[in-house]
Amino acid sequence: MSPPPSPPQHRIGLPWPELNDGLQYKDVVSSSESELTTVSEFYFTKYKSSAPLLGWIQRIQNGQIQIDGEAVKDPNTVLRSGSKLVYHRLPWKEPDTPYSLDILYEDDDLIALNKPSGLQVLPGGLFQQRTLLTQLQWWFGKKDTSTGARELHPVPVHRLGRGTSGILLCAKTKLAKTKLAAYFAEGTSLVGSSNLDQDCGTGRKLSKIYRALADGLVEEDEVVIQQPIGVVRYPGVAKGLYVASPEGKSAFSKVVVLERDRKKNCTLVKVEIQSGRPHQIRIHLAYIGHPLVGDPLYVAGGQPKCFDTDLVDDAAAFAEDGILQGVQKPNQSVPGDCGYHLHAHQVELLNLLNTRKVVKIVAPLPTILQTSSEAQEKSLPPAS
């Protein structure tokens, strides 16, 4: 049976504005780049993955690019070595995103949030403002202004996929950030070594347990997966897509079956990870032939569902900022697409200041990730 969830201390979150603030990208022209190079050639050559030449010409003619503080509208303006360039990306409406966050735990150094599915943790792609980090900054900025307290800058110390819900740990001090980073790194460093403990949480400073809904019926009650995870070039993902790969980095997941639903042909599982590779649970479950129910990206084998090789050599397909002027976002699914069911359910870690104490945090389970007994217990009236 799952332990009771940590009672939310309070909820934070401010509604998103209609448009974000846009972005600024800064460059300094090097001596090698200044040899009879025009401003349009500079941007097209250096940022082919962001827009075609026509797109950069449009941006220049719109006055979105400055050279040494002055807007230029002539795409054929020749650059000089040492010139400072600024590209002003216009504000845009980001996709609809949840903004409310429950605080599950908080002390002087640490804050644990219950992240909803659909909310990106850090800025990237189309989501530059509508992120968990922005809500943290807004909330603590508002809190500091109203109380006159010392200014805090809480930051996430790990990531959860946009479609993943549950516990996200954030550091409120530099010391806490350093210690938490060391906790996370410890587990990853043991993977692939002879010191790896098959009981993931045993003796570790931090352990993480997830709930997931896997497609098909997982036959074994317990499965240990140690498939390495690497990166391949993929349309729509500038830095590459993480997949199951024998040339990748070591990864370790322990899967325990909680309940099999033969009627719906799916399996509710508990997953404990000792490493923290991007999209690890999605990839590992897909690798053993049981991708997450509703996962738009990964299929059996831990590979992407749809991969159009005709787009591999199309620079525009690897756009870093989503839908661009004159460029359609690729039809392939990308890691940030939602639809799967994965929840960071439990975290146990040593107290950052007193390592003899253990902090236990539990995020409430979505209904679809509850066992039959848990759902039944939840539906019972409280004892009088």
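## Helix H4

In this predicted model, helix H4 has 17 residues and reaches 25 Å from its first C-alpha to its last. That span is close to the 24 Å expected at 1.5 Å a residue. The helix runs over residues 174-190.

The buried residues of H4 are Ala 176, Leu 180, Tyr 183, Phe 184 and Gly 187. They cover an arc of only 85° around the axis, so they lie on the same side of H4. Four strands pack against these buried residues: S7 (110-115), S9 (165-171), S10 (206-215) and S18.

## The other side of the helix

On the other side of H4, the exposed residues are Lys 174, Leu 175, Thr 178 and Ser 189. Thr 178 counts as exposed because its relative accessibility is 54%, and the cut-off for exposed is over 50%.

Thr 178 can also be placed in relation to Val 157. Although 21 residues separate Thr 178 from Val 157 in sequence, their C-alpha atoms are 9.0 Å apart in space.

Leu 352 is found in the loop between strand S18 (342-350) and strand S19 (358-362). Is this residue, Leu 352, buried or exposed? Leu 352 is buried, because its relative accessible area is 6%, and buried means under 20%.

Leaving aside neighbours within four places in sequence, Leu 352 is in contact with Asp 109, Leu 110, Ala 176, Lys 179, Leu 180 and Tyr 183. Leu 352 and Lys 179 are 173 residues apart in sequence, yet the distance between their C-alpha atoms is 7.0 Å.

Most residues other than glycine have a negative phi.

Asn 265 has a phi near 55°, a positive value in a residue other than glycine. Its place is the loop between strand S14 (253-261) and strand S15 (266-273). With a relative accessibility of 38%, Asn 265 counts as partly exposed. For His 279, phi is near 60°, which is again positive in a residue other than glycine. His 279 lies in the loop between S15 and helix H5 (280-287). The relative accessibility of His 279 is 23%, so this residue counts as partly exposed.

Note on methods: Residues are numbered from 1 along each chain as its sequence is written. This is a predicted model: local features need pLDDT of at least 70, side-chain atom pairs count only at pLDDT 80 or more; totals for chains, interfaces and linings use all residues. Side-chain values use heavy atoms; hydrogens and water are left out. Helices (H or I, at least four residues) and strands (E, at least two) are DSSP runs, numbered from the N terminus. Buried means under 20% relative accessible area, exposed over 50%, partly exposed in between (1.4 Å probe, protein chains only). Contact means heavy atoms within 4.5 Å. The expected span of a helix is 1.5 Å times one less than its number of residues. The arc is that of the directions from the helix axis to the C-beta atoms.
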